[in-house]
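Reader: I'm new to this. Can you walk me through how a protein sits against DNA?

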Protein chains: 2
Amino acid sequence: MNAAIDDVARAAGVSTATVSRALRHLPGVSEATRARVLEAARGLGYAPSASASSLASGRTHTIGVLTPWIRRWFHGSVTEGIERALRAEGFDALLYSFERADGAGRNRLDPFVLRRRVDGVLVVGMPLDTDEQEVLDGLGVPVVFIGTGPPGRVTVTIDDDGAARLAMAHLLGLGHRRIALVTATGEDQPDWAPPALRQRGYEAALAEAGVAFDPTLVIPGDYARAGARERMAELLRTRPEVTAVFAISDDMAFGVLQAARDAGRRVPEDLSVIGIDGHDMSDLVNLTTVGQDAAEQGAAAAALMLEMLTGGPVAEEAVYPVELLVRGTTGPPPRS
Amino acid sequence: MNAAIDDVARAAGVSTATVSRALRHLPGVSEATRARVLEAARGLGYAPSASASSLASGRTHTIGVLTPWIRRWFHGSVTEGIERALRAEGFDALLYSFERADGAGRNRLDPFVLRRRVDGVLVVGMPLDTDEQEVLDGLGVPVVFIGTGPPGRVTVTIDDDGAARLAMAHLLGLGHRRIALVTATGEDQPDWAPPALRQRGYEAALAEAGVAFDPTLVIPGDYARAGARERMAELLRTRPEVTAVFAISDDMAFGVLQAARDAGRRVPEDLSVIGIDGHDMSDLVNLTTVGQDAAEQGAAAAALMLEMLTGGPVAEEAVYPVELLVRGTTGPPPRS
DNA sequence: CTGTTAGCGCATTCAG
DNA sequence: CTGAATGCGCTAACAG
């Protein structure tokens with residue numbers, strides 16, 4: 001029932017080599033024979049064996065997608081964009097999720113699971129440490145980073161610094177001066193990752209507006225809602241002079257919104273809140289944010305990968321645009 | 001640099017057959033030689049070639065995950081659960097997303113992309129039509145359905161009817177009588193899929209409470225927020241007597257909440273809203289809902305698949321529990 | 001433009 | 001318990 005290449009060859013009256021060439025649309029096959037081969041293949045319901053093809057050619061036509069989560073907005077959107085772009089080109093996406101184990105840090109990146117099964121690796125929103133980068137490099141296949149990547153590597157990102165300035169310009173333009181920053185920290189957030197870059201934008205924007213930077217207004221976090229909510233609750237209690245909060249992700253902005261609600265602070269009358277992402281749910285809660293197209297970045301990364309696979313040179317850094325989405329969580333500061 | 005099995009055999013002073021057996025922990029290898037082989041393999045950094053192994057054995061150690069979307073809560077959560085469970089057992093997850101093209105129905109399920117590259121297929125939240133089922137069956141590998149599956153197939157689901165009754169009991173218990181149902185319809189929603197089953201629960205609960213079923217209170221939808229919001233806006237305008245809405249998914253409940261807000265209806269004072277899912281964001285908007293554990297269902301489906309692969313008999317229907325999460329969007333009906 | 005010939009790296013008989 | 005031999009199905013030289 002599973003026809004093999006020589007069945008097709010026999011049916012078409014040619015050699016297996018010709019079948020192989022015809023089916024892959026390689027040059028050097030006459031139109032007439034190609035047509036006969038295609039016909040025979042269709043008739044037999046022939047589907048080439050990926051394993052045999054990989055074994056013989058050394059290429060798997062499969063790209064590994066390395067991501068710590070897939071249900072977070074950014075990671076899910078990027079992964080979806082990747083999968084579609086790859087499939088359109090006949091490539092498969094192999095999923096490798098490396099969720100952080102509780103307290104124990106992220107699962108070790110096992111070099112063996114990826115060895116010899118992918119032609120390339122796409123790393124989604126995951127700042128790899130030096131060891132992990134070495135493991136990946138040891139695979140000997142191209143790697144593209146989405147969302148965040150070490151300097152000097154092929155990356156697809158937004159302009160993190162610019163996105164932060166955009167958010168801050170909006171807040172400062174409304175008249176806010178005491179603006180808290182909710183960010184993400186930890187040893188796995190190096191200075192080339194979004195949290196650091198966005199904080200840089202935050203500080204630069206303050207400086208340009210002539211507002212002194214107050215480090216006690218920088219709230220650490222882990223990109224997640226719950227932590228932001230907790231930490232924000234405390235800030236709201238201890239620092240009533242804060243009139244606006246800039247969270248570096250929408251999910252953390254959601255936590256800020258919850259904390260404000262818990263504390264009985266009206267948004268935006270008492271407190272303005274802005275995020276970054278353009279999360280699916282941001283319009284549900286009417287969050288003002290700086291939107292990015294994560295699926296498009298995934299698709300772009302996939303395209304870059306395919307380009308690298310064919311030996312084409314690619315630009316090191318692809319930077320995607322962001323857009324200020326003014327909604328209902330920002331307004332002028334309360335008159336004091 | 002990429003050691004092959006005969007390098008290991010040479011280093012350990014045994015044959016490749018013994019290496020193969022030792023590394024796969026097959027019986028019939030003495031402890032001493034197994035240890036020597038493991039040692040040699042580690043020393044050489046040997047990783048078996050998946051292609052060669054598949055070609056020789058006919059098994060790919062890869063499971064295809066068929067899903068229309070991965071960023072929707074249910075599908076993303078299930079997929080994440082699947083991936084983790086599979087990886088723990090040394091299996092790979094190959095992603096096949098088949099997003100509905102605009103207006104043109106879902107992408108055709110291409111039989112060829114899956115042929116000979118997976119040992120089994122997991123279908124996530126996707127009621128396949130008869131043609132598609134045939135395509136899948138033509139693959140000759142086991143199939144497990146999560147969230148919804150044709151009768152007589154191996155499925156992992158919740159008790160859809162029971163979940164609906166649970167939601168309705170809550171609403172009815174609060175005193176509501178005019179309760180709208182926001183559901184999902186269309187030819188791709190057969191009578192064994194959640195929308196039909198949940199509607200059955202809705203109707204049964206009404207009947208038991210002695211409330212006449214009013215078909216004009218059933219709002220069609222497509223599981224998405226936007227549509228629910230639009231259709232709900234109209235209902236709110238034309239049917240002011242409705243005091244509660246039961247949406248069969250949290251995402252649609254979010255749309256209902258937006259419509260209520262747009263219409264100036266207070267929740268829950270003027271209108272109660274309940275959903276099904278326990279979506280990540282449901283607590284953000286304080287939605288009362290019937291929660292399910294989607295990731296666990298994914299993991300369970302993966303385990304079932306592995307069981308089927310080893311020839312074990314499996315139960316046809318695994319039903320997972322749900323739980324009523326009473327939050328802030330439900331309350332007694334307004335006194336009229 | 002097409003056919004012949006070797007492998008790709010492993011799993012699996014079958015002997016011993 | 002272990003080894004030798006065979007072939008999984010295809011691609012990639014190399015000839016013609």
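Author: H2 and H4 of chain A, together with H2 and H4 of chain B, each supply at least two residues of the surface near DNA strand C. Helices here are DSSP runs (H or I, at least four residues), numbered from the N terminus. This is a predicted model, where local features need pLDDT of at least 70, side-chain atom pairs count only at pLDDT 80 or more, and totals for chains, interfaces and linings use all residues. Residues are numbered from 1 along each chain as its sequence is written, chains are lettered from A and ligands numbered from 1 in the order in which they are written, and side-chain values use heavy atoms, with hydrogens and water left out.

Reader: Which element gives the largest share of the surface near DNA strand C?

Author: H4(B), with 4 residues. "Near" means that one of a residue's heavy atoms lies within 4 Å of the strand.

Reader: And which residues come nearest to DNA strand C?

Author: Of 26 around it, A:Ser30, A:Thr33, B:Ile5, B:Ser20 and B:Tyr46. Sugar and phosphate make up 67% of the atoms of DNA strand C within 4 Å of the protein.

Reader: How do I read a polar contact?

Author: Look for a pair of N or O atoms within 3.5 Å. Here, a polar side-chain atom of B:Ser20 is 2.6 Å from a phosphate oxygen of DNA strand C.

Reader: What does B:Arg21 lie 2.9 Å from on DNA strand D?

Author: A base nitrogen, approached by a polar side-chain atom of B:Arg21. A:Arg24, in contrast, has a side-chain N or O atom 3.2 Å from a phosphate oxygen of DNA strand D.

Note on methods:
A polar contact is a pair of N or O atoms within 3.5 Å; within protein, one must be able to donate a hydrogen and the other to accept it, and residues adjacent in sequence count only if both atoms are side-chain atoms.
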